[in-house]
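Subject: Structure for your review

Dear colleague,

Please find below the sequence and the structure that I am handing over to you. My notes on what was found follow directly after them.

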Amino acid sequence: RLTEPEETDRSAEALREKLGDRFKITADSDFSEVSDIKSISTAVDAMRYTIYVLSIIFVLVVVSMICSKSFAQERRDLGIYKAIGFTSGKLRLLFALRFLIIAVIGSALGIALSVLFSNRTLSTVLRSVGVSNFISKYRTETILIPVLLLLGCFFLFAYLASRKVKKVEIRELVIE
């Protein structure tokens, strides 16, 4: 890195002599790398938060679709559980825990696949915009924060979607 304007001018002239007209060489003593790095960092952070928000919306949609379907199929079983003494709160907690267990398994699988394939895939995709080798560094917080956020959302949304358990009556078993 050249910090003196005279050094910059001399280096630019030497490069012009050596390389000729194949490249356009200009001497600029105004280094704006810091602002470029900040703007790139801001863009990456914006993409990260956008992905987080889209992931939470995806979790909400998936959980609501699956909960409504599984609740319809398990309505009779829920009535039986209530008949043998389970409270609505415990049934809702068990319902949400099932989703949490599946989310933990999916997160572990996702982490393993990401560690194995993300660098290669992103390098291939980003090669078209000039990034020839992309290397992501995995740290504990870069993995744990999104995973815990999504696991919490799965559990919370499943618990909220299971509020229909309160409406299941033991009388429904007698009617069937």
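Helices (H or I, at least four residues) and strands (E, at least two) are taken as DSSP runs and numbered from the N terminus. On that basis, the secondary structure of the chain comes to 5 helices and 0 strands, and the order of the elements from the N terminus is α-α-α-α-α.

Please note that this is a predicted model, in which local features need pLDDT of at least 70 and side-chain atom pairs count only at pLDDT 80 or more, while totals for chains, interfaces and linings use all residues. Residues are numbered from 1 along each chain as its sequence is written, and side-chain values use heavy atoms, with hydrogens and water left out.

A residue is called buried under 20% relative accessible area, exposed over 50%, and partly exposed in between (1.4 Å probe, protein chains only). By this criterion, 19% of the 176 residues of the chain count as buried.

Helix α3

Helix α3 covers residues 88–126. A kink of about 50 degrees, centred on Phe117, is present in α3; the bend at a residue is the angle between axes fitted to the seven residues ending there and the seven starting there. The buried residues of α3 include Leu91, Phe95, Ala96, Phe99 and Ser123. Ala96 counts as buried because its relative accessibility is 0%. From C-alpha to C-alpha, Ser123 and Asn133 are 5.2 Å apart in space, and they are 10 residues apart in sequence.

Helix α4

Helix α4 runs over residues 140–161, 22 residues in total, and reaches 31 Å from its first C-alpha to its last, close to the 32 Å expected. The expected span is 1.5 Å times one less than the number of residues. Which residues of α4 are buried? They are Pro146, Val147, Leu151, Cys153, Phe154, Phe157 and Ala158. These residues lie on the same side of α4 because they cover an arc of only 155 degrees around the axis, the arc being that of the directions from the helix axis to the C-beta atoms. On the other side of α4, Thr140, Ile145 and Leu148 are exposed.

Leu144 counts as partly exposed, at 41% relative accessibility.

The largest pocket

A pocket is defined on a 1 Å grid over the protein atoms alone as an open set of points where a 1.4 Å probe fits, with protein on both sides within 12 Å along at least five of seven lines; lining residues have an atom within 4 Å of a point. The largest pocket has a volume of about 1,300 Å³, a volume being the space filled by probe spheres set on the points. Its lining consists of 31 residues, and Arg48, Leu122, Ser136, Tyr138 and Thr142 lie nearest its centre. The elements giving two or more residues to this lining are α2 (33–83), α3 and α4. The largest share, 9 residues, comes from α3.

Yours sincerely
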